[in-house]
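Thanks for passing this one along. Below are my notes, written as numbered points so that you can follow them with the viewer open.

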Amino acid sequence: MAEISTTHATPDAVVPKPKKSVALSGVVAGNTALCTVGRTGNDLHYRGYDILDIADSCEFEEIAYLLVHGKLPTGAELSAYKAKLRALRGVPEPVREILERIPAAAHPMDVMRTAVSALGTVLPERDDHGVAGARDIADRLMASLGSMLLYWYHWSHNGKRIEVETHDDTIGGHFLHLLHGKAPSTLWVRAMHTSLNLYAEHEFNASTFTARVIAGTGSDMYSAIAGAIGALRGPKHGGANEFSFETQHRYDNPDEAEADGRRRVESLEPVRRRVLRRSHVRVALALLVGPHGRADERRGQTDDTEQHLEAHEREAFHRRCASGTKG
């Protein structure tokens with residue numbers, strides 16, 4: 001339930017002009033211990049851990065354990081967790097039959113949403129909605145979503161029923177193995193760890209909010225996740241990544257991309273620029289964090305990127321003021 005406060009004005013009080021709001025921005029809708037975004041600037045923390053300290057030093061299974069089970073695992077706990085996830089990679093026959101009926105033209109997010117819903121009917125959550133059961137479902141979905149997606153992909157595009165249970169040690173390695181039909185290189189697996197770590201959590205975004213609303217009605221875990229995937233599929237949420245990928249293909253060289261980027265930033269209204277500064281953190285980190293280099297050096301690079309964007313925005317603002325243009 002959102003926390004709403006009401007201010008009663010006295011005859012002499014000056015009633016402030018209502019502040020323009022975007023959707024539910026500024027409304028307290030709940031609490032979370034999982035993730036914080038932008039508390040001290042352009043930062044991202046998982047259960048108190050700075051993403052720059054863990055993004056390329058931890059395997060994704062370590063971060064998954066942290067988020068789902070509450071702490072970073074010990075070596076023994078990590079080995080047991082990986083074994084559990086490997087055992088959950090299979091796709092039940094009824095779910096495979098449903099996946100085979102989905103056309104090749106379907107969007108991958110629609111495929112995953114349908115797969116989650118189908119799995120929830122074949123292996124339903126218990127009526128008591130216990131915490132331990134919910135964590136087991138979260139683990140099963142992390143382990144098998146790649147299997148379900150790639151089973152559909154190879155069947156719909158190549159007419160091939162693939163074996164989805166591999167001996168790869170990690171979720172990222174498993175996904176790449178199924179995608180390419182061969183064991184991936186260490187570098188590719190490391191890149192998958194970093195990418196999955198960066199996208200594992202992002203506080204109270206649209207899909208998280210959707211999942212919590214559904215779960216708050218007493219519905220099951222699968223319904224909450226299916227709804228969250230539906231929200232993530234939207235172009236103003238997860239779909240933005242697709243737009244970014246398509247945008248890269250507009251340009252022939254970096255200079256052309258930078259020039260067009262400057263023109264577009266100058267045309268954004270102030271609120272959109274503030275959102276851009278806050279939300280670009282993972283994009284910048286994805287470019288700066290990798291299998292090589294030091295976290296403190298990359299943190300400096302991220303700060304430089306932020307300062308560069310702000311300086312450019314100030315220049316654009318002063319030019320608009322001088323010309324009498326609103327923005």
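1. In which strand is the place of D50? D50 sits in strand β3, which covers residues 49-50. Before going further, please keep in mind that this is a predicted model. With a relative accessible area of 18%, D50 falls under the 20% cut-off, so this residue is buried. Its side chain reaches the backbone nitrogen of L52 at 2.9 Å.

2. Now to the charged pairs. How does the accessibility of the two partners look? K82 is buried at a relative accessible area of 8%, whereas E59, at 22%, is partly exposed.

3. Another salt bridge joins D169 and R86, with 3.2 Å between the closest N and O atoms. Here D169 comes from the loop between α6 (131-158) and α7 (171-180) and R86 from helix α3, so the pair ties together parts that are 83 residues apart in sequence. Both partners are on record here with their accessibility: D169 counts as partly exposed at 40% relative accessibility, and R86 is partly exposed with a relative accessible area of 28%.

4. Which residues are linked with K82 in a network of salt bridges? The network consists of E59, K82, R86 and D169.

5. A83 lies in helix α3, which spans residues 75-87, and counts as partly exposed at 35% relative accessibility. From A83 to D169 the separation is 86 residues in sequence, yet the C-alpha atoms are 8.3 Å apart in space.

6. R113 pairs with D110, and the closest N and O atoms are 3.0 Å apart. Why are R113 and D110 separated by about one helical turn? They are three residues apart in helix α5 (residues 108-122), and that puts about one helical turn between them. At 33% relative accessibility R113 counts as partly exposed, while D110 is buried with a relative accessible area of 19%.

7. On to the aromatic rings. The count comes to three aromatic pairs. One of them is Y65 with Y81: the ring centres are 5.1 Å apart and the planes stand at 80°, so the pair is edge-to-face. Y65 lies in helix α2 and Y81 in helix α3, so this contact ties together parts that are 16 residues apart in sequence. Y65 and Y81 are both buried.

8. F204 and F209 form a further pair. Their ring centres lie 6.3 Å apart and their planes meet at 55°, so this pair is tilted. F204 counts as partly exposed at 28% relative accessibility, and F209 counts as partly exposed at 30%.

9. How many disulfides does the structure hold? The number is zero. As a reminder, a disulfide is a covalent bond between the sulfur atoms of two cysteines. Among the cysteines, C35 is buried with a relative accessible area of 2%, and C58 counts as buried at 7% relative accessibility.

10. Last, a look at helix α8, which runs over residues 186-198 and has 13 residues. From its first C-alpha to its last, α8 reaches 19 Å, close to the 18 Å expected at 1.5 Å a residue. Which residues of α8 are buried? They are V189, R190, M192, H193, T194, N197 and L198.

Key. Residues numbered from 1 in each chain as written. Predicted model: local features only at pLDDT ≥ 70, side-chain atom pairs only at ≥ 80, totals over all residues. Heavy atoms only, no water. Helix = DSSP H or I, 4+ residues; strand = E, 2+ residues; numbered from the N terminus. Expected span 1.5 Å × (residues − 1). Buried < 20%, exposed > 50% of the residue type's maximum accessible area, 1.4 Å probe, protein only. Disulfide = S-S within 2.5 Å. Polar contact = N/O pair within 3.5 Å; in protein donor to acceptor, adjacent residues only side chain to side chain. Salt bridge = Lys/Arg side-chain N within 4 Å of Asp/Glu carboxyl O. Phe/Tyr/Trp six-rings, centres within 6.5 Å; stacked < 30°, edge-to-face > 60°.
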